[in-house]
Amino acid sequence: MTRHIDALTNLNKLIAEKEHEPFQWGTWDCCIFAADIVLAMTGEDQISEFRDAYDSKYTAMVALRELGSGTLYETIRSKLGDPIPLTRARRGDIVFQKKNCGVCLGSLSAFLSEDGIILSDTKFVDAIFPIR
């Protein structure tokens, strides 16, 4: 998986377009958000099998067990590889914090809330998965 030359432009465009879109299981949740970031930056859909496969927290957990690697963290790891140290994080890398995934924007990372995208300090994330 390789970043397009315009990967960061695509990242910024997606975040601007979706900034206020409310959380919705299966169509705009943390998994779809992170996957759409990867898709915009690389042209590769890492979770095509999950799209339209769930519509609630319960069915998302079932999909992770049946289509993924059991948990969100392990599924992300199986798709993107092992996490990297915080010191190697770059804009566009996928971050994982408290059972949620988001995207590194530098010193801040973007995550989804019920009302749209929120920012959190990147130094508090639990894992960073590189998108190179």
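In this predicted model, helix α4 is followed by Gly-81, a residue with a positive phi, near 95°. The helix itself spans residues 72-80, and its buried residues are Leu-72, Thr-75, Ile-76 and Leu-80. Seen down the axis of α4, these buried residues fall within an arc of 110°, so they line one face of the helix. Their packing partners are the helices α2 (30-42) and α3 (57-66), together with the strands β1 (94-97), β2 (100-104) and β5 (127-129).

Two or more lining residues come from each of α2, α3 and α4. Helix α3 gives the largest share, six residues. Sorted by class, the lining has 13 nonpolar, three polar and four charged residues.

The structure holds four aromatic pairs. One of them joins Phe-23 to Trp-25 in an edge-to-face arrangement, with 5.0 Å from centre to centre and 90° between the planes. Phe-23 has a relative accessible area of 28% and is partly exposed. Elsewhere, Tyr-73, Phe-96 and Phe-129 form one aromatic cluster.

How values were computed
Residues numbered from 1 in each chain as written. Predicted model: local features only at pLDDT ≥ 70, side-chain atom pairs only at ≥ 80, totals over all residues. Heavy atoms only, no water. Buried < 20%, exposed > 50% of the residue type's maximum accessible area, 1.4 Å probe, protein only. Helix = DSSP H or I, 4+ residues; strand = E, 2+ residues; numbered from the N terminus. Arc of directions from axis to C-beta. Contact = heavy atoms within 4.5 Å. Nonpolar A, V, L, I, M, F, W, Y, C, P; charged D, E, K, R; others polar. Phe/Tyr/Trp six-rings, centres within 6.5 Å; stacked < 30°, edge-to-face > 60°.
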